[in-house]
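I opened this notebook page to record what I looked up in one structure. The entries follow in the order in which I made them.

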Amino acid sequence: MDLTPSPPQAALRAECRVWLRANASWEYGIGLPPRFDTLEAEVEFGKAWQEKLSAGRWVGVAWPQEYGGRGAGPIEHYIVTEELATARAPELVGRIGVNLLGPTILANGTEAQRARFLPNILNASEIWCQLFSEPGAGSDLASLTTKATRTDGGWLLNGQKVWTSYAQFADWGACLARSDTEAKPQAGITYFIIDMRSPGVDVRPLRQITDESEFNEVFLNDVFVPDDRVVGEVHQGWRVANSTLTHERGVNPRQLVIHSQLLDALMQMAHRNGSYHDPQIGPRLAQAFTELRIFQLHNWRAVSRTSRGSDPGPVGSISKLWWSEMSKRMHDLAMDIVGPEAPLWRGASHNDGDGMWQRSWLYYQASSIWAGTNEIQRNVIAERTLGLPKEPSKPAAK
Ligand SMILES: Cc1cc2nc3c(=O)[nH]c(=O)nc-3n(C[C@H](O)[C@H](O)[C@H](O)COP(=O)(O)OP(=O)(O)OC[C@H]3O[C@@H](n4cnc5c(N)ncnc54)[C@H](O)[C@@H]3O)c2cc1C
């Protein structure tokens, strides 16, 4: 693993910094990221910001130039993501499209699908959601029951999805549905692109522990999907879905930078309130520092693999498991540093950070669930890295 940036990579980092100084509307590097009163306001700001970013060609850095990318590699993508996070730029509002579904269409879609969808994913003029999980199919995704039935010129979809992030803002959804009920679970699934404004799509926001509603239930009632919106082959959607899931667990420089910033803020808070010298606090700050450094090494190892053409595979699972457990420990530490005010929510007087730590603690509880739970990541690592025997499969339904 060679960690020395090439001259073009160093130049790209410098160019990105200059662009951010000129274009970020908050104080570069030292300001807080923008905060919003409502998710709607955040999405509106995010769309304008992503449009500006993509005009500067800072989104989809590793995508081909013909679709709005730079045609660069994973290391260049890593560098730009790191710089954006360092500048405290908001997370891309169209991240589901940019990080998951765009790369899936690039790898598995038709030329017409690529030309139609990819540029609008990059500039956030169209937002995407991922319609995979169902009430009875999360970790065991292959047991999904949303049904696709053949009709003239396409398919009719019926079923229910859940935990669908950003579905209420989405123009398009990538949906897995069972197109062959006779085949084995993984063999009868097709990967569809759904127009989220189609008749029969019913999106119902779910209230989260943070009091926000990022994710939703989505009901599909006779939703028509034309044939040209199937990604990959009919009944071969499981293979396409795995390409989406691999991208979900890959390299994560953004979380690395965000958690480094969190640790800096924690250090400052601990100095301010004197808890830094508490033997219950100081050693845990040192531990967090060490864990962050290890996460950085996992990231470098994963990006190094990807740049050599292999997918991150189980390395992505190790990285995801590591950072989400680290994040939860770091947030527990934050609550101990905040002290007796830890249970106080936003707007409470004398509350260090005005509820920021509390919100962040609640938010990151989900990090060990999204993108595959940590138990599932452990299974992947056990089977694919350590070579342990596969866990017994579920008995077939009678
Ligand atoms: C914030 C957030 C955003 C999300 N966004 C989306 C989205 O946009 N689109 C989407 O499709 N999904 C989304 N999800 C859903 C997510 O992918 C699922 O929650 C996840 O896959 C787990 O599925 P489940 O909730 O059904 O839990 P289950 O699969 O029912 O698991 C319940 C518990 O059993 C454990 N378990 C299950 N199977 C095994 C096993 N074989 N071995 C050991 N332990 C096991 C799990 O680890 C877990 O602790 C989101 C989830 C969250 C938290």
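**Entry 1: Lys-161**

I located Lys-161 in strand β3; helices (H or I, at least four residues) and strands (E, at least two) are DSSP runs, numbered from the N terminus. I note that residues are numbered from 1 along each chain as its sequence is written. I also note that this is a predicted model, in which local features need pLDDT of at least 70 and side-chain atom pairs count only at pLDDT 80 or more, while totals for chains, interfaces and linings use all residues.

Is Lys-161 buried or exposed? I found Lys-161 to be buried, because 27 other C-beta atoms lie within 10 Å (buried: 20 or more other C-beta atoms within 10 Å of its own; exposed: 12 or fewer; partly exposed: in between; C-beta atoms are placed from the backbone). Not counting residues up to four places away in sequence, Lys-161 touches Leu-131, Ser-133, Glu-134, Thr-146 and Val-218; contact requires C-beta atoms, placed from the backbone, to lie within 7 Å. I also checked Val-257, 96 residues from Lys-161 along the chain, and the two C-alpha atoms are separated by 32 Å.

**Entry 2: domains and ligand**

I recorded three domains, namely domain 1 (13-93), domain 2 (128-240) and domain 3 (249-385), with bounds from an automatic or database domain assignment. The C-alpha centres of domain 1 and domain 2 lie 29 Å apart.

Where does the ligand lie? Domain 2 and domain 3 both give residues to the shell around the ligand, so it lies between them. Among the 18 residues around the ligand, Phe-132, Gly-138, Ser-139, Thr-373 and Glu-375 come nearest (near: C-beta atom, placed from the backbone, within 6 Å). I see that β1, β3 (154-165) and α11 (374-385) each supply at least two residues of this shell.

**Entry 3: helix α5**

I compared the span of helix α5 (residues 111-122) with expectation: at 1.5 Å a residue, its twelve residues should span 16 Å, and the end C-alpha atoms are 17 Å apart, which agrees. The expected span is 1.5 Å times one less than the number of residues. Phe-117, Leu-118, Asn-120, Ile-121 and Leu-122 are buried in α5. The buried residues of α5 pack against α2 (39-55), α4 (95-108) and β1 (128-131). After α5 comes Ala-124, with a positive phi near 65°.

**Entry 4: a contact list**

I listed the contacts of Ala-170, which touches Ile-127, Trp-128, Cys-129 and Met-196, not counting residues up to four places away in sequence.

Technical notes: Contact = placed C-beta atoms within 7 Å.
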